[in-house]
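Student: I would like a close look at a single part of this model, please. Could you take me through the sheet, strand by strand?

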Amino acid sequence: MNLDERAEEALEALWESLEESARPVPADGIAELERAGLVEAAGTTLRFTDAGRRAARQAIRRHRLAERLFHDVVETTREDMEAAACQMEHALRRGVEEKVCELLGHPATCPHGKPIPPGSCCAAVRAEGERHVCPVSHLRAGEEGVVAYLKTHDAKQVQKLMAMGVLPGSAIRIDRTFPSFVFTVGYSQFAVDAGMADLIQVRRRDPGPSRGPIGKGAPAEISP
Ligand SMILES: [Zn+2]
Ligand SMILES: [Zn+2]
Ligand SMILES: [Zn+2]
């Protein structure tokens with residue numbers, strides 16, 4: 001089903017109004033949803049058809065994932081985030097949506113604290129245990145991870161981290177967390193302060209034996 005953006009926004013508004021009683025039923029776009037068989041009148045109010053509830057849940061999920069993406073990764077202002085999220089969500093079709101969800105660590109809530117309906121990717125991860133993205137500073141000594149993204153747009157900080165080989169896709173191992181933060185990337189060991197360690201967002205790896213340089217035999221993939 002291909003709804004235009006206006007109808008999809010109406011669908012999201014309707015979800016918030018019917019499922020979360022968060023806002024009044026919007027007037028705009030409803031006629032199209034009725035024509036598409038997604039909502040039906042029930043007396044003086046509206047309700048979702050089964051297909052409508054599924055479509056709305058997906059639209060809300062994409063919207064809130066897009067918000068998280070702009071908030072956590074791109075670090076836009078709140079106003080920019082809201083405008084960008086509404087455009088971005090339409091690009092987050094199946095497949096892409098799951099990759100974004102994975103990148104963000106299958107978040108449970110949007111930056112406003114509203115629930116993000118889980119997708120099948122989230123259920124799979126919950127079944128296999130915690131494997132979410134967190135700052136490298138949350139890892140314990142001996143733990144390994146893979147750099148997911150750098151939480152900064154400061155050119156100097158990005159350069160400094162890249163010079164250490166800290167790039168999305170790089171394997172990283174924590175060697176010490178105190179008094180400074182010491183980690184190994186490739187064959188080199190670096191020490192950074194806590195502020196710097198907070199910028200490095202990693203996806204945890206299953207704990208296992210870690211000896212010698214990491215990434216050996218399994219070269220780090222560098223994302224384009
Ligand atoms: Zn939206
Ligand atoms: Zn939100
Ligand atoms: Zn997910």
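How many bridges join β4 to strand β8, and do these strands run parallel or antiparallel?

Tutor: Happy to. The model is predicted, so local features need a pLDDT of at least 70 and side-chain atom pairs a pLDDT of 80 or more, while totals for chains, interfaces and linings use all residues. Residues count from 1 along each chain as its sequence is written, chains are lettered from A and ligands numbered from 1 in the order written, and side-chain values use heavy atoms, without hydrogens or water.

Now to your pair. Five bridges join β4 to β8 (residues 200-204), and the two run antiparallel. Strands here are DSSP runs of E with at least two residues, numbered from the N terminus, and two of them pair if DSSP finds at least two bridges between them. For a place to look within this pairing, find Val146, which stands opposite Arg203 in β8.

Stay with β4, which covers residues 144-150, and turn to β5, residues 171-176. These two also pair in the antiparallel sense, over three bridges. Here Gly145 stands opposite Ile172 in β5. So far, then, β4 has five bridges to β8 and three to β5.

Moving along, β5 pairs with β6 (residues 181-185), again in the antiparallel sense, with four bridges between them. Arg176 faces this next strand, standing opposite Val182 in β6. The link from β5 to β6 is a hairpin of four residues.

Six strands make up an open sheet, in the order β3-β8-β4-β5-β6-β7, with antiparallel pairing. The edges belong to β3 (133-135) and β7 (188-192), each of which pairs on one side only. From one strand to the next the twist averages 45 degrees, taken between lines fitted to C-alpha atoms, with angles from 0 to 180 degrees between N-to-C directions.

Read across in that order, β8 sits between β3 and β4, and the β8 pairing with β4 is the one you asked about, with its five bridges.
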